Amino acid sequence: MNETVAATAPAAARGPSDYKSDVKPVWCPGCGDFGVVNALAKAMAKLALDPKDVAVVSGIGCSSRIPAYMASYGFHGVHGRALAAGTGLKVARPDLTVIVTGGDGDGYSIGGNHFLHACRRNVDMTYIVMDNRVYGMTKGQPSPTTEPDWDSKLSPEGTGLREFQPMAIALTSGASFIARGFTGDPNGLAEIIERAIRHPGFSFVEVLSPCVTFRPEQKDWKKLVKPDAFRPTADLPRAARRLLRDGGFDLGVLFAGNRPPHAPRGPRAGLDVSVLEARFVL
Ligand code: SF4
Ligand code: MG
């Protein structure tokens with residue numbers, strides 16, 4: 001847990017910098033993930049959230065360092081299990097704003113199964129995936145979203161494997177809010193994150209976040225993205241048809257559905273843990 005949570009300023013006086021901790025990011029200069037910290041802080045300020053009421057949960061990887069850089073509560077967990085931890089937290093403490101962050105390797109490979117079921121469960125939290133189509137922290141292996149022909153020292157002539165399609169999978173698995181942002185469009189990204197946090201239910205935000213070290217060619221993404229290309233709809237078949245025309249660089253909110261978020265049955269919220277423990281005593 002962060003020890004930097006300090007809700008000293010009144011809500012009206014809080015600006016984006018009040019949502020960042022004093023910990024200096026260790027990311028490579030130019031890494032897209034800096035843009036996500038800035039956008040997230042901006043969104044939190046816009047929503048006037050109290051940092052003590054926010055928990056940022058992550059798994060493992062470069063982007064999973066984000067909880068340390070925010071002035072909210074945070075949990076840096078194990079590889080691929082961020083959504084499981086975030087789900088448990090939200091179900092136990094529905095009063096908290098839970099934001100889960102991570103990368104494409106963490107979320108779609110090791111955590112792929114959790115991704116499907118988090119979409120299906122539709123617990124009210126926000127999942128931000130910084131997709132750079134590579135495992136950055138472990139020095140450049142192909143991830144599930146890597147292009148099949150990406151030729152590198154660790155994947156000579158490419159993997160030949162079809163890319164994972166996160167937005168299509170989120171849509172068919174039941175996520176109730178689906179959007180794509182780009183770290184080179186900080187205002188657009190902050191607005192998308194703000195809308196995602198506001199939306200009741202499981203909100204999935206895919207963020208194109210270049211890895212300048214292992215995928216320097218991704219610096220060209222700024223020439224490829226199309227801001228506001230998606231128009232939000234609550235119509236699932238329409239969103240699915242729109243995705244068929246997506247080349248991976250369309251930005252905006254694709255889908256904002258109205259399926260009610262998961263509501264835990266029974267008196268779980270506020271449950272006294274000692275009561276639960278007593279039921280499991282052998
Ligand atoms: Fe960012 Fe890539 Fe450096 Fe990791 S290795 S900090 S993803 S630029
Ligand atoms: Mg990655």
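Mentor: Let's go through the metal site, a strand pair and a pocket.
Mentor: This is a predicted model: local features need pLDDT of at least 70, side-chain atom pairs count only at pLDDT 80 or more, and totals for chains, interfaces and linings use all residues. Residues are numbered from 1 along each chain as its sequence is written, chains are lettered from A and ligands numbered from 1 in the order written, and side-chain values use heavy atoms, without hydrogens and water.

Trainee: Which residues coordinate the magnesium ion (ligand 2)?
Mentor: D104 (OD), N132 (OD1) and V134 (O) do, at 2.2 to 2.3 Å. Donors are N, O and S atoms within 2.8 Å of the metal (3.2 Å for Na, K and Ca). Water is not among the atoms, so the site may look incomplete.

Trainee: Are N132 and V134 buried or exposed?
Mentor: Both N132 and V134 are buried. Buried means under 20% relative accessible area, exposed over 50%, partly exposed in between (1.4 Å probe, protein chains only).

Trainee: New topic. Which strand does β5 join?
Mentor: Strand β5 (residues 177-182) runs antiparallel to β7, with four bridges. Strands are DSSP E runs of at least two residues, helices H or I runs of at least four, numbered from the N terminus. Two strands pair if DSSP finds at least two bridges between them.

Trainee: What is the bridge partner of I178 in β7?
Mentor: F255. Four of the five residues in β7 (residues 252-256) are buried.

Trainee: And which element gives the largest share of the lining of the largest pocket?
Mentor: Helix α6, with five residues.
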